[in-house]
Amino acid sequence: MKREAHGTQQPRHINQIDEEANTAQQSDSPVQSINQRFLKFSLLYRLSCGYIFLGILVFSGWIPAVHADNNQFSECIARIGSQARTVGISDRTVQQVLSKTKYLQRIIELDRRQPEFTQTFANYFNIRINDERIQRGRELLVRYRTLLDQIQQETGVPAQYLISFWGLETNYGTHFGDWSVPDSLATLACDQRRSNFFTQELLNAMRIIDVGDISPERMIGSWAGAMGHMQFMPSTFLSYAKDIDGDGRRDLWGSIPDALGSAANFLQQLGWISGLNWGQEVRLPPAFDYSLAGRDQMLSQAEWAKLGITTASGAPLPPIEQRAALLVPAGHQGPAFLVTRNFYILMRWNRSEFYALSVGHLADRIAGAVALQRTPPVDTIRITREQVRQLQIDLSKLGIDAGEADGVMGSATRQAISRFQQKTQRIADGHLDVTVLIAIREAASSLSR
């Protein structure tokens with residue numbers, strides 16, 4: 001599966017800033033003045049962040065892609081070939097793979113690319129959870145029920161989770177990616193930014209070919225080397241892929257039994273707890289203390305019930321000792337979830353709260369559950385990564401640790417926003433909107449006056 005941070009998942013649709021400006025200027029709503037102030041601060045952000053941003057580009061390695069010299073690429077491939085033979089990969093496989101590898105400039109461009117706008121939960125969730133994907137998942141759940149029941153009996157992983165992962169990773173096998181994995185990995189291995197990581201992945205890909213699981217020509221995947229129905233990286237493939245259909249090969253491209261069984265084996269080895277769900281949507285009482293939210297704060301379900309939390313339909317939570325954490329990914333105006341220890345297993349597949357929530361909810365819908373009772377609020381103004389980076393700098397100026405100023409809205413930044421909200425008597429849900437963004441900018445700016 002994809003091992004990038006959630007900010008580098010699939011590229012998203014981006015609204016242009018000038019379109020937002022036009023919308024703000026034409027609006028007669030009560031939020032017009034806020035939008036206008038936001039646009040002014042947006043311009044200030046771009047100017048004030050310019051030199052800082054340039055420095056980050058240089059020191060983080062996020063630099064414009066450059067074309068590799070053919071001799072340099074050939075020398076790099078020769079070194080990898082020697083390394084492959086040293087670790088026991090056959091001469092035949094080394095020759096078969098590396099003699100045909102090509103440097104792909106487009107791979108470097110994709111690796112360097114960063115989305116301009118931050119990803120909101122509403123945007124992320126609504127793209128992935130749709131009626132077509134739910135219906136297709138239900139059909140596949142019925143079609144492969146016998147196989148899935150067998151896998152669940154052996155691993156403890158329920159069928160709907162495997163179908164959900166399958167749907168989110170490759171839209172049920174309809175999009176593996178169309179890149180040659182050896183070419184992609186060779187290109188990235190010979191690029192300095194993450195050479196060691198991708199060199200090891202290329203060696204692992206050659207090990208897979210060496211034992212006969214797949215031919216180089218059929219090893220197709222994403223630009224970063226994720227492969228097959230479940231988008232395993234080569235290292236994950238070697239550790240967890242299984243031959244379920246008994247043909248002597250671990251074929252995660254052409255064998256659905258191998259793909260589903262391997263995904264279940266991976267989850268089991270990560271520590272999946274049989275009989276435990278991932279979590280559930282819940283309803284919070286008025287004037288709830290949002291400082292209790294976050295993955296690092298787990299209470300028993302009985303304790304959450306005492307705090308006034310109910311099921312999404314309003315029914316009392318069963319007063320059991322099962323521990324769970326509260327997540328509010330879209331702030332107090334969006335849905336709330338209590339998540340169990342199995343949610344953390346989902347996040348070890350992909351280290352993104354948004355992804356894990358999507359997997360869990362899609363699994364529930366495939367199994368017949370209803371839609372969220374409280375849908376994520378529709379996004380109005382998009383916030384850029386540059387603005388988030390300046391926000392992190394501003395929070396640090398205010399004495400609130402937001403972690404590295406990297407432009408990524410991670411848990412440390414959300415916790416920092418929550419602390420600012422607490423200090424300024426706001427609802428401390430850690431959710432970033434325009435008014436909070438402006439308030440933090442103004443507070444930080446006042447320190448230098």
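This is a predicted model: local features need pLDDT of at least 70, side-chain atom pairs count only at pLDDT 80 or more; totals for chains, interfaces and linings use all residues.
Residues are numbered from 1 along each chain as its sequence is written, and side-chain values use heavy atoms, with hydrogens and water left out.

Of the 449 residues in the chain, 51% are buried, meaning under 20% relative accessible area with a 1.4 Å probe, protein chains only.

Next, one residue. Glu 353 belongs to helix H16, residues 353–366. Is Glu 353 buried or exposed? Glu 353 counts as buried because its relative accessibility is 11%. Its side chain makes a polar contact with the side chain of Arg 295 at 2.6 Å. A polar contact here is a pair of N or O atoms within 3.5 Å; within protein, one must be able to donate a hydrogen and the other to accept it, and residues adjacent in sequence count only if both atoms are side-chain atoms. Leaving out residues up to four places away in sequence, Glu 353 touches Arg 295, Leu 327, Phe 343, Met 347 and Arg 414, where contact means heavy atoms within 4.5 Å.

Now the strands. E6 pairs in the antiparallel sense with E4, residues 298–300, over 3 bridges; pairing requires at least two DSSP bridges between the strands. E6 also pairs with E7, residues 336–339, antiparallel over 3 bridges. Ala 325 in E6 stands opposite Met 298, and its bridge partner in E7 is Val 339.

Conventions:
Buried means under 20% relative accessible area, exposed over 50%, partly exposed in between (1.4 Å probe, protein chains only). Helices (H or I, at least four residues) and strands (E, at least two) are DSSP runs, numbered from the N terminus.
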